[in-house]
Amino acid sequence: MINVGIVGFGYWGPNVARNFHTTPGARVVAVSDADDRSLARAAQSYPGVRMVKDFRELLTAPDVDVVAIVTPVSSHFEIAHMALSNGKHIFIEKPFTASTSQAEQLIELADRKKLKIMVDHTFLFTGAVKKIKELIDDGTLGDLYYFDSIRVNLGLFQKDVNVVWDLAPHDLSIMDHLLRLEPSAVMATGVAHFQNQLEDVAYITIYFPGNVIAHLNVNWLSPVKIRTTLIGGQKKMLVWNDLVSDEKIRVYDKGVEGLDCLGTDSKEKAYGLRLSYRSGDMWAPRVNQVEALQGETAYFIDCINNNITPKNDGSAGLRVVRILEAIKKSLAKGGALVRLN
């Protein structure tokens, strides 16, 4: 049995606690939160589980094997470093850390202590992302052209991070998982309308080798909630709408193909290429409707028991933080191109 301690019982913490508590082979033995009302709520939900205000008690407790860190990103490094130093595996909210330097230190510490890090990139465990991964890996989409994501809604404004660090880690982790490409450069623009230097609207462009490009739109000031991703490939293109219950993914047999211009038409020769448009069928593959976080917590317990490196390990978290840092630099320079290698 793997014993889990939860640090942070605010917005997302109750979901993490519930899923670890119901995962076979795991149980929640302690919860920590500095807020009395949150701690009282946890005590009501988990009678018999130890409640502590000071998270340090939980990090040094001999009966805790895993520490789930569900706190603001500014506190991640301190709590994670202390947990790893005391021999605990860590499950940590996104984004992994506030800097690449912090991420690298935690990865090195975990490797030295032979402990596991799992960054909570929940979307990787949704039926939709698993299906899209299948369609890319089996060649259904062909060579990829672009990844285009819109994640907008009204609020919730965060006090410690801008809209990029709040919403974009979802899309960056999905993009990293699906494309498996190292980005070469980033360009981002954004503005802050209410909080000093905390952008609430941002547009991000990410460049990859091989002419692959990604664009992310994140926004706390949208009148409507949109969660849509488009992925364009040479053979097929797909649209993922995460807000609908049916046909979350639609695959389109549409595309554009270039034909060598061997004709005598002067205009065609001038362009050097003729284009052929393909407009075929649309189909909606079946997507398993499962609670992603339940699958993620079960996977982490399996990784610990069988010494498996999680796909969303510290290195995956580091790749996301590295892009976030580049976006931050580009925003500070008014949208300048920032190279990543």
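Glu 291 and Arg 18 form a salt bridge, with their closest N and O atoms 2.9 Å apart. This pair ties together distant parts of the chain, since the two residues are 273 residues apart. Keep in mind as you look around that this is a predicted model.

**The Glu 291 and Arg 18 pair**
- Where do the two partners sit? Glu 291 is in the loop between strand 14 (273-283) and helix 9 (292-305), while Arg 18 belongs to helix 1 (residues 13-21).
- Glu 291 counts as partly exposed because its relative accessibility is 38%, which lies between the limits of 20% and 50%.
- Arg 18 is partly exposed as well, with a relative accessible area of 35%.

**Other salt bridges**
- The count for this model comes to 17 salt bridges.
- Lys 131 pairs with Glu 134, and their closest N and O atoms are 3.1 Å apart.
- Both Lys 131 and Glu 134 lie in helix 6 (residues 127-137), three residues apart, or about one turn of the helix.
- Glu 134 has 44% relative accessibility, so this residue counts as partly exposed.
- Asp 176 forms a salt bridge with Arg 180, where the closest N and O atoms are 3.9 Å apart.
- Is Asp 176 buried or exposed? Asp 176 counts as buried, because its relative accessibility is 13% and buried means under 20%.
- Salt bridges can also join up: Lys 236, Asp 253, Glu 257 and Arg 278 are linked in a network.

- Ten residues from domain 1 and nine residues from domain 2 take part in the contact.
- Which residues of domain 1 lose the most area to domain 2? They are Lys 94, Pro 95 and Thr 100, which together make up 61% of what that side buries.
- How many salt bridges cross the interface of domain 1 and domain 2? The rule finds zero there.

- Leu 154, Phe 157, Phe 194 and Leu 221 make a nonpolar surface patch of about 410 Å².
- Leu 221, one of these four residues, is found in strand 11 (residues 221-233).
- Leu 221 counts as partly exposed because its relative accessibility is 31%.

Key:
Residues are numbered from 1 along each chain as its sequence is written. This is a predicted model: local features need pLDDT of at least 70, side-chain atom pairs count only at pLDDT 80 or more; totals for chains, interfaces and linings use all residues. Side-chain values use heavy atoms; hydrogens and water are left out. Patches are made of residues with over 30% relative accessible area and no salt bridge: like charges are joined within 9 Å, nonpolar side chains (Val, Leu, Ile, Met, Phe, Trp, Tyr) within 5 Å. Accessible areas come from the Shrake-Rupley method with a 1.4 Å probe; for residues, only the protein chains shown count as cover. A salt bridge is a side-chain nitrogen of Lys or Arg within 4 Å of a carboxyl oxygen of Asp or Glu. Helices (H or I, at least four residues) and strands (E, at least two) are DSSP runs, numbered from the N terminus. Buried means under 20% relative accessible area, exposed over 50%, partly exposed in between (1.4 Å probe, protein chains only). Contact means heavy atoms within 4.5 Å. Buried area is the accessible area (1.4 Å probe) that two parts lose on being put together, summed over both.
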